[in-house]
Amino acid sequence: MKNYDVTALGELLIDFTENGVSNQGNPLFEANPGGAPCNVLAMLSRLGHKTAFIGKVGKDFFGKQLKDAITEIGINADSLYQDEEIHTTLALVHTYPDGDRDFSFYRNPGADMMLTETEIPVEQIRDSKIFHFGTLSMTHEGVRAATRKAIGIAKEADAVISFDPNLRPPLWKSLEDAKEQVKYGLGHCDILKISDNEIQWFTGEEDFDAGIEKIRQEYQIPLILLSMGKEGSRAYYKDFRVEVKPFLQENTIETTGAGDTFGGCCLHYVLKYGIDNFDKLKLLEMLTFANAAASIITTRKGALRVMPSLAEIEELIKNRKN
């Protein structure tokens, strides 16, 4: 038996989210802990799973805030390193009226890019049922090598490998470079969580099913999860294609963290049933649960610290059925 349900590697940063205007008419920003891999872990921790994070922040005020935040919600921070020279990565999140958002990053460099191969905790990864990663830890050579080393260790230890491209174009030298790293992720994962715009960008197919089919033909990925925002989500598994409608909220504030919340809930079901044991009903159950949780997070600012509880998610599902 392995001690950790899910270990994730990647970026942990501060999301500066808009929070009104000052008396002088200037925009006010709230410093929310963020970063896709830790958002996924936060949802899993909220559901009672044992999680651990591998990454790097600066030895500064924000780095301390982030370490305190993930420790507070139950994520093991033994492999969260602090860089003596490079500051914690920052992101400014601009929210549009419909809740969608755009990002500006202060990361040239940022501490999350400084993780090295020698800092990868071999035994911790070997002691994990699922290893999760994205592409922000693959934008630059050093942290890319560290990520690939971690993936290799996880593979050797028979961990289930989970991958979310989480494309952020401003962080790449070129989108061709991004595409190469996504290909690497696709070639090494058992679970792919991908968004509607990412599948269109990567495959060149406007139709989601056609895009997924292209990926399935080239990469034998057992479980592919497609998040489609206001259109809901789909799961592709063996001969099954299951689609579930979204839970639309009247009081949506922003969508930051919605995809990560969705992904974390799906990993919760992989831990519950095992990746080899899904059928159509279990896939429907998984997507319904994940859609409900994702919809709740859109009503809150930030994500990592405010993940929905099991009771909240179940209540939302129950009310829709009624």
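The following legends describe close-up views of a predicted model.

**Figure 1. The largest cavity of the predicted model and its lining.** The count of cavities of 30 Å³ or more comes to 2. Sorted by class, the lining of the largest cavity comprises 5 nonpolar, 4 polar and 3 charged residues.

**Figure 2. The second largest cavity and the elements around it.** The space in the second largest cavity is about 50 Å³. Its lining is formed by Val-40, His-132, Ser-162, Asp-164, Ile-191, Lys-193, Leu-225, Gly-259, Gly-263, Cys-266 and Leu-267. Two or more lining residues come from each of strand E9 (160-164), strand E10 (191-195) and helix H8 (258-273). Helix H8 makes the greatest contribution to the lining of the second largest cavity, with 4 residues. By class, 5 of the lining residues are nonpolar, 4 are polar and 2 are charged.

**Figure 3. Cysteines Cys-38 and Cys-265.** A disulfide is a covalent bond between the sulfur atoms of two cysteines. The structure holds 0 disulfides. For Cys-38, the closest cysteine sulfur belongs to Cys-265 and lies 16 Å away, which is too far for a bond. Cys-265 is likewise in no disulfide, and its nearest cysteine sulfur, that of Cys-266, is at 7.0 Å. Cys-38 is buried, with a relative accessible area of 0%. Cys-265 also counts as buried, at 0% relative accessibility.

**Figure 4. The largest nonpolar core, with a view of Met-286.** The largest nonpolar core has 55 residues, of which Leu-12, Ile-70, Leu-225 and Met-286 touch the most other members. When residues up to four places away in sequence are not counted, Met-286 touches Leu-225, Ala-235, Cys-266, Tyr-269 and Phe-278. Another core, of 37 residues, lies apart from the largest one and includes Leu-9, Ile-125, Ile-153 and Leu-226.

Figure 5. Val-6 is placed in strand E1 (residues 4-9). Its relative accessibility is 0%, so Val-6 counts as buried. Beyond the residues up to four places away in sequence, Val-6 touches Leu-41, Leu-44, Lys-50, Thr-51, Ala-52, Ile-130, His-132, Leu-267 and Leu-271. Asp-83 is 77 residues from Val-6 along the chain, and their C-alpha atoms are separated by 24 Å.

Figure 6. Thr-139 belongs to the loop between E8 and helix H4 (141-156). With 3% relative accessibility, Thr-139 counts as buried. Leaving aside neighbours within four places in sequence, Thr-139 is in contact with Arg-107, Arg-144, Leu-171, Trp-172 and Asp-177. Glu-156 is 17 residues from Thr-139 in sequence, at a C-alpha to C-alpha distance of 24 Å. Ser-227, in strand E11 (residues 223-227), is buried with a relative accessible area of 11%. With neighbours within four places again left aside, Ser-227 is in contact with Lys-193, Ile-194, Ser-195, Asp-196, Gly-232, Ser-233 and Phe-262.

Figure 7. Most residues other than glycine have a negative phi, and most peptide bonds are trans. Asn-108 and Pro-109 are joined by a cis peptide bond, with omega about 0°. Pro-109 is located in the loop between strand E7 (101-106) and helix H3 (122-126). Asp-158, although not a glycine, has a positive phi of about 60°. Asp-158 occupies the loop between H4 and E9 and is exposed, with a relative accessible area of 69%. Lys-238, also a residue other than glycine, has a positive phi near 50°. Lys-238 lies in the loop between strand E12 (233-237) and strand E13 (240-244), and its relative accessible area of 53% makes Lys-238 exposed.

Technical notes
Residues numbered from 1 in each chain as written. Predicted model: local features only at pLDDT ≥ 70, side-chain atom pairs only at ≥ 80, totals over all residues. Heavy atoms only, no water. 1 Å grid on protein atoms, 1.4 Å probe; cavity = no way out; pocket = protein on both sides within 12 Å on 5 of 7 lines; lining within 4 Å. Points joined across faces, edges and corners; volume = space filled by probe spheres on them. Nonpolar A, V, L, I, M, F, W, Y, C, P; charged D, E, K, R; others polar. Disulfide = S-S within 2.5 Å. Buried < 20%, exposed > 50% of the residue type's maximum accessible area, 1.4 Å probe, protein only. Core = buried A, V, L, I, M, F, W, Y, C linked by side-chain atoms within 4.5 Å. Contact = heavy atoms within 4.5 Å.
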